[in-house]
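User: I'm new to this one and would like a quick tour. Could you take me through it in a few questions?

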Amino acid sequence: MWYSALLLVLVCLSSVEASIHYYSGDRFVSKGNAFVVHGGSEGIYSSAPADDSAKDNSYIRFDKVTFRRSKESANSSSLSVHAIVFEVEDRENIGGSAYGGQRAVCCTGDLAKLGVCTQGDIIYRPSTKNPGWPQVFGVSFEVDEEVARLPSKFIPIHKTGMYNLYFIHCDLKLKDLVVEGNTIWKNPTGYLPGRMAPFMLFYGFMSLAFVILGIFWFSQYARFWREVLPLQNCITLVITLGMLEMALWYFEYAKFNETGVRPTGITVRAVSFGAVKQTVARLILLMVSMGYGVVRPSLGGLTSKVIFLGLTFFLATEVLEMVENVGAVSDLSGKARLFLVLPVAILDAFFILWIFTSLSATLNKLQARRMMVKVDIYRKFTNALAVTVIVSVGWICYELYYKSNDVYNEQWQNAWIIPAFWQVLSFSLLCVICALWAPSQNSTRYAYSGDASEEFDRDETTLTLIKPSLLPSKDVHSAPEARAVQASNGLANGDEEEDKIE
């Protein structure tokens, strides 16, 4: 808790630099009739045009960008290798076609005959909305030259938008060409790409929210530590992991904003804490749904299955988040492949199915035993989960709609809301659980008491058909509840035995 607050104070003192995109021997790949390297994509907010050299202005700067070709290709001169920077609204100004044919980036013979371009050059038209754009410049190789350096270039940004950089050439003799060096991208408030910039403030607020929740929970925990249940210890772990995760994400974005490079170590820790928190939270929901610590002392034979599901989910989530976040600088919509997203989605669906199946069975058993205090809390818990699932499904539909209508990231200024919503939703559910199971002097009302009438000897919450069996009760006071359970299962012998006890 104090660690999160300390990070919030320290990071606020960070200085502001610029975002850096490194190129370490990146090879050009064939796209249509051109060879291309994607140099970066970032949302950049405009700066005042009065002083382009001011530190708090937005710009893109090329720093020692060089192109290197093989010795075998150096026996002749080459066509120009271009750098082209354009705002996403001007994407239609790049490339062209002759007589309505296939669109090409490099000028073809047919287009050259029409006099609209020179064969081998990049096709582009000046923007009507943004004078002087797109920005196109380049360098060519002389005979026997293996290295060509792009002239240093400082491009001030006076219009807010999603900017893209591509290195392009049209020379078939430069198939083995690579690019080295770096470019520096800066927003008025720092190096963070525009789509990522709101996350620093968001995770600052989330860190504060977890601190407030932690103060409430740990104060209750300290006051009633003698009545603490095993389930409440698990909730304490989730709150602690959440505090560390939010603080690490905030510190990660702040460090990114300070240095221009994503700090791999901090990113890995944040991703790992997040994956552990998500896994533990789902396992807690599943165990509560099964009645662990409330109506049963252990999970019995299901323990290994629950652990296996948790480990599988952790690995799938860890890999997905690592691919999405570690080293990611550009403002792209996501790099994760379908085969990384699908396992997490399938495991989440399995968790939901198992949780609600277990909840239904647990509620039925509690109602049959007339444990109304526990029934009440489980009904509230079920309602909270149901609302969460309904809201999640609705948000997934909205997310699909949003992404299908924003192919080119034109709505980048609002894109942060989609991942931020999931954090808020999970935090809200955690708050509900904390309110339902907060440590108090009455915590023992919800605890497993060890009475035979409360034992679930055979688990009915699995997804397979297993006939349950019952242990006869030896407690005179629990006989009515035991008889009710036995009668509901049609066991006549159990009824006779209960009559004898009475």
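**Rings, charges and surface patches**

Analyst: Happy to. Keep in mind that this is a predicted model. To start with the rings, a search of the whole structure turns up 26 aromatic pairs.

User: Take Phe202 and Trp416: how is that aromatic pair classed?
Analyst: A pair of aromatic rings is described by the distance of the centres and the angle of the planes. For Phe202 and Trp416, the centres are 6.2 Å apart and the planes make 55 degrees. Planes under 30 degrees apart count as stacked and over 60 as edge-to-face, so the pair of Phe202 and Trp416 is tilted.

User: How many residues apart in sequence are the parts that this pair ties together?
Analyst: Phe202 sits in helix H3 (residues 197–223). Trp416 is in the loop between helix H8 (372–404) and helix H9 (417–436), so the pair ties together parts whose separation in sequence is 214 residues.

User: Is Phe202 buried or exposed?
Analyst: Buried means under 20% relative accessible area. Phe202 has 10% relative accessibility, so Phe202 counts as buried.

User: On to charges: which residue forms a salt bridge with Glu180?
Analyst: The whole structure holds eight salt bridges. In one of them, the closest N and O atoms are 3.2 Å apart. It links distant parts of the chain, with Glu180 in strand E10 (residues 178–186) and its partner in strand E4, 112 residues away. That partner is Arg68.

User: Which helices do Lys277 and Glu245 lie in?
Analyst: The side chains of Lys277 and Glu245 meet in a salt bridge, 3.0 Å from N to O. Both residues are buried. Lys277 lies in helix H5 (residues 264–290) and Glu245 in helix H4 (residues 230–259).

User: What is the relative accessible area of Ile212, in the nonpolar patch?
Analyst: Leu201, Phe205, Leu208 and Ile212 form that patch on the surface, with about 430 Å² of accessible area together. Ile212 is found in helix H3. Exposed means over 50%, and Ile212 counts as exposed because its relative accessible area is 54%.

User: Where does Glu72 lie?
Analyst: Glu72 gathers with Glu142, Asp144, Glu145 and Glu146 in a surface patch of negative charge. Glu72 counts as exposed because its relative accessibility is 65%. As for its place in the chain, Glu72 is in the loop between strand E4 (59–68) and strand E5 (81–87).

Terms used
Residues are numbered from 1 along each chain as its sequence is written. This is a predicted model: local features need pLDDT of at least 70, side-chain atom pairs count only at pLDDT 80 or more; totals for chains, interfaces and linings use all residues. Side-chain values use heavy atoms; hydrogens and water are left out. Patches are made of residues with over 30% relative accessible area and no salt bridge: like charges are joined within 9 Å, nonpolar side chains (Val, Leu, Ile, Met, Phe, Trp, Tyr) within 5 Å. Accessible areas come from the Shrake-Rupley method with a 1.4 Å probe; for residues, only the protein chains shown count as cover. A salt bridge is a side-chain nitrogen of Lys or Arg within 4 Å of a carboxyl oxygen of Asp or Glu. Lys and Arg count as positive and Asp and Glu as negative; His and the chain ends are not counted. The place of a charge is taken as NZ of Lys, CZ of Arg, CG of Asp or CD of Glu. Helices (H or I, at least four residues) and strands (E, at least two) are DSSP runs, numbered from the N terminus. Buried means under 20% relative accessible area, exposed over 50%, partly exposed in between (1.4 Å probe, protein chains only). Rings of Phe, Tyr and Trp (its six-membered ring) pair if their centres lie within 6.5 Å; planes under 30 degrees apart count as stacked, over 60 as edge-to-face and the rest as tilted.
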